[in-house]
Amino acid sequence: MSSPDVVDILDRSKELDRLRKEQEEVLIEINKMHKKLQATPELVEKPGDNSLAKLKGLYIQAKDLSENEVAVSNMLLNQLDAFLPPGPPGQQRRRIGNDQKRKRMKNDSDISRPSHVRSQLEACASLKNEQVAARVTDGDKDEWFVVKVMHFDRDTREFEVLDEEPGDDEEGGVQRKYKLPMSCIIPFPKRNDPSSVPEFAPGRHVLAVYPGTTALYKATVVNTPRKRKSDDYLLEFDDDEEDGALPQRTVPFHRVVAWPEDRH
């Protein structure tokens with residue numbers, strides 16, 4: 001083994017040690033966030049709170065560090081295997097078996113994928129044929145409207161969705177398909193189980209389907225289904241002024257979701 005090879009192995013060993021220390025630091029921060037959210041779960045309901053966004057960022061960082069550790073470990077193992085002298089048949093068989101095990105671990109993406117990510121991907125896949133709220137960017141303008149999920153690609157983490165409303169005459173009157181990232185999709189509450197859906201308190205900003213359309217707009221909660229003893233919210237939509245006042249409109253609970261800025 002030449003000196004440059006030894007130096008390269010030592011450098012990779014240091015890199016592996018650094019990655020593991022960073023993972024430990026990230027895990028400590030994740031545990032702190034978990035304890036904080038368990039002690040004060042109502043914190044995430046407050047406007048401007050970014051606890052969930054911080055937690056998501058920590059999980060992404062932990063995932064990246066884990067994948068980097070696997071990559072560096074595999075490079076070290078391959079380097080060391082290249083310099084090891086061939087042993088007796090029994091030892092050689094064991095070494096080959098370990099190589100095969102490492103290959104299986106490397107190819108199995110679920111092993112290095114945190115359980116919360118797998119759960120999130122499964123939840124996205126389960127939305128097939130469901131209607132969801134989707135954000136579509138047209139030039140500099142973002143629009144939210146109801147679409148139907150046709151497919152979810154786990155590898156690219158993209159939804160293929162269908163706008164079931166035919167376009168206008170200029171667009172040929174056809175239904176349009178879009179490919180959108182997970183961040184542009186918000187599932188609607190299940191209409192068959194109102195009791196399981198958390199209510200948005202009066203004064204809370206929400207995103208809701210405007211009555212008689214498939215478009216979603218920002219609105220403010222005036223009254224909740226529980227207080228109204230019905231399945232509808234009473235909302236005031238922004239920019240919906242009539243005769244100098246905002247009319248109050250009823251919207252079914254299963255067509256109301258959290259205002260996107262509150263989800264981060």
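This presentation covers strand pairing, salt bridges and a charged surface patch in one protein structure.

The model is a predicted one, in which local features need pLDDT of at least 70 and side-chain atom pairs count only at pLDDT 80 or more, while totals for chains, interfaces and linings use all residues. Residues are numbered from 1 along each chain as its sequence is written, and side-chain values use heavy atoms, with hydrogens and water left out.

Let me begin with the strands. Helices (H or I, at least four residues) and strands (E, at least two) are DSSP runs, numbered from the N terminus. Two strands are called paired if DSSP finds at least two bridges between them.

Strand β1, residues 131–138, runs antiparallel to strand β2, residues 141–153, and eight bridges join them. Their hairpin has two residues between the strands, and there G139 takes a positive phi near 70°. Strand β1 is also joined to strand β5, residues 185–187, by three bridges, again in an antiparallel arrangement. Which residues stand opposite A134 in β2 and in β5? In β2 the residue is F145; in β5 it is I185.

I turn now to the salt bridges, of which the structure holds eight. The term denotes a side-chain nitrogen of Lys or Arg within 4 Å of a carboxyl oxygen of Asp or Glu. For accessibility, buried means under 20% relative accessible area, exposed over 50%, and partly exposed in between, with a 1.4 Å probe and protein chains only.

The closest N and O atoms of E22 and R18 are 2.2 Å apart. E22 is partly exposed at 25% relative accessible area, and R18 is partly exposed at 35%.

Another salt bridge brings together the side chains of K190 and E130, at 3.6 Å from N to O. This pair links distant parts of the chain, 60 residues apart: K190 is in the loop between β5 and β6 (205–209), and E130 is in the loop between α4 (115–125) and β1. K190 is partly exposed, with a relative accessible area of 46%, and E130 is partly exposed, with 32%.

What does the salt bridge between R226 and E199 tie together? The closest N and O atoms of R226 and E199 are 3.4 Å apart. R226 lies in helix α5, residues 225–228, and E199 in the loop between β5 and β6, so the pair ties together parts that are 27 residues apart in sequence. R226 is exposed at 61% relative accessible area, whereas E199 is partly exposed at 24%.

Salt bridges also link D240, E242 and R249 in a network.

Next, the charged patch. D238, D239, E241 and D243 gather on the surface in a patch of negative charge. Such patches are made of residues with over 30% relative accessible area and no salt bridge, like charges being joined within 9 Å. E241 is located in the loop between β8 (232–237) and β9 (249–252), and its relative accessibility of 58% counts as exposed.

The C-alpha atoms of V206 and P260 are separated by 8.0 Å, although the two residues are 54 residues apart along the chain.

Key:
Patches are made of residues with over 30% relative accessible area and no salt bridge: like charges are joined within 9 Å, nonpolar side chains (Val, Leu, Ile, Met, Phe, Trp, Tyr) within 5 Å. Accessible areas come from the Shrake-Rupley method with a 1.4 Å probe; for residues, only the protein chains shown count as cover. Lys and Arg count as positive and Asp and Glu as negative; His and the chain ends are not counted. The place of a charge is taken as NZ of Lys, CZ of Arg, CG of Asp or CD of Glu.
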